[in-house]
Amino acid sequence: MAFGVYIHIPYCLQICPYCDFTKYEHGKIMPPSDYVKLLTEEIRSRAGDVPEREISTIYFGGGTPSLFEPRLILTVLEELAKAGFRWSTAEDNDDGKRLEMTLEIDPATCDQARLEGYLALGANRFSVGAQTFNERLLKVAGRKHSSHDTVELLQLLKRNKVNYSFDLLFGLPTQTLEELRADVATALAFDPSHLSAYCLTVPEAHPMSKGRAPDEEQVEMFNVIESELAKAGVLRYEISNFAKPGFESKHNLLYWTDQPYWGLGTSAHSYFPPRFSKSVDAVGDSGMRFWNAPALSAYEKEVRRSRSHEWSFVRDIPDAHREILERHQALTDFCHTSLRLKRGLDENALRLRFGNAAASLVTSILGDLAKGTWIQPTANGWAMTAEGRVMANAVFEKLTFLADDLKGLPGPN
Ligand code: SF4
């Protein structure tokens, strides 16, 4: 089983008005070195509960991790090593030899020296928060960087022959289909091996909800992205993610394939499936989710408290920050995350994990949906159609289970 570690770095150059990650403006909170101390304390006090020591993927996300100098990132990695973790050397990992270590970088925060520093400590994948190459729309999105900054960063990554991905944001207020086409063309000029395309999501009352293209045009924008990328061999493998074959994000795949991950830092989420725990008592029959305090001050208190004794996920995480999953919740998660992937839900894996009775319940719903236009059968199970992807929330609603739905149904043998 693969195992990933996510490290949240909540520092940003600016606070973008549409962002709902935990983040703070750089310079207005504790210095980065103090935050790294908290991370190392968290590793020291909590590592004892993690049953696996071989890490397949490490992901520094945020926020803007590239605001942290390489020596600070190194301190975190060294602490993981001191706690007995080692990097995977599995043959099927990354380019066949090493673990995948991703670092998110934003334009205007990384130069040649800094990139070399990250490469030296083992980072082998970089995710660039480009969002759009259109100067006007960058301002609409509240970004401080310019399109020129993004281009310079992508040129730097290309010159250094490193593996990189970038994020595109679409459906921005006043953005036209032609502007989106121009963004995709510029993106393709950099020959990305991976690209994530997100439609802006803001609540109705949000100032950025005004002036956006109508829903049908947003769907068309997504279709343009998918078809233009496909022509360049960058294929969709998840609702919002595209890659050349072999360049899919191994870390993000953990989230969609029921694999364990451990989140460090403020607001970071973790998931331990049942087969990953030291004992079923610890995480229940269906696995456990837990998460760190979302506010930096509360996270700091949590970590300081844990100094006094060895922290335990099971004993010490406040009830409000952990959830021992029940079978219906685990089944719901399994259906939603599998269907996010292009390859879809594997019926055999479903039966093995939840038993024949629960699997039959799911397949009868999928069979009904397949009579419409949202779901289609595959060789191993079921996947969403293009129309289903647009209506993903409605599909997920049909596959959201309550405890009563599974009452009396036997589990796996
Ligand atoms: S830079 Fe990224 S993480 Fe920071 S506020 Fe903007 S969108 Fe959010």
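What radius of gyration would a compact globule with 413 residues have, and what does the protein chain have? The rule gives a value near 22 Å, and the protein chain has 22 Å, so the two agree. Before I go on, please keep in mind that this is a predicted model.

Okay, let's look at the whole thing. Along its principal axes, the C-alpha trace spans about 60 × 55 × 45 Å. The secondary structure comes to 15 helices and 19 strands. Of the 413 residues, 41% are buried. And here's one on how the chain folds back on itself: take the contacts between residues at least 6 apart in sequence, and 73% of them join residues at least 24 apart.

Now the domains. The chain is divided into domain 1, residues 4-253, and domain 2, residues 327-406. Their C-alpha centres lie 29 Å apart. Where they touch, domain 1 puts in five residues and domain 2 puts in six. On the domain 1 side, the largest share comes from strand E11, residues 235-238, which supplies three residues. By class, that side of domain 1 has three nonpolar residues, two charged ones and no polar ones.

Next up, the ligand. Which residues sit around the ligand? Quite a list: Cys12, Ile15, Cys16, Cys19 and Phe21, then Lys23, then Gly62, Gly63 and Thr64, and finally Asp106 and Gly129. Sort that shell by class and you get five nonpolar, four polar and two charged residues.

Let's move to a helix I'd like you to find on the screen: H10, residues 296-306. Three residues in H10 are buried, namely Tyr299, Glu302 and Val303. Why do they line one face of the helix? Look down the axis of H10: the buried residues fall within an arc of 95 degrees, so one face is what they line. The general idea is that an α-helix has 3.6 residues a turn, so residues three or four places apart point the same way. The face turned away from the buried side carries exposed residues: Ser297, Lys301, Arg304 and Arg305. As for what covers the buried residues of H10, that includes helix H1, residues 32-46.

Two single residues before I stop. Leu72 lies in helix H2, residues 70-82. Leaving out residues up to four places away in sequence, Leu72 touches Pro32, Ser33 and Val36. Lys37 is 35 residues from Leu72 along the chain, yet their C-alpha atoms are separated by 9.4 Å.

Then there's Tyr164, in strand E9, residues 164-170. Is Tyr164 buried or exposed? Buried, because 22 other C-beta atoms lie within 10 Å. With residues up to four places away in sequence set aside again, Tyr164 touches Phe126, Val128, Leu157 and Pro192. Compare that with Leu339, which is 175 residues from Tyr164 in sequence and 26 Å from it in space, C-alpha to C-alpha.

Technical notes
Residues numbered from 1 in each chain as written. Predicted model: local features only at pLDDT ≥ 70, side-chain atom pairs only at ≥ 80, totals over all residues. Domains from an automatic or database assignment. Contact = placed C-beta atoms within 7 Å. Helix = DSSP H or I, 4+ residues; strand = E, 2+ residues; numbered from the N terminus. Nonpolar A, V, L, I, M, F, W, Y, C, P; charged D, E, K, R; others polar. Near = placed C-beta within 6 Å. Buried ≥ 20, exposed ≤ 12 C-beta atoms within 10 Å, placed from the backbone. Arc of directions from axis to C-beta. Rg over C-alpha atoms; globule rule 2.2 N^0.38 Å.
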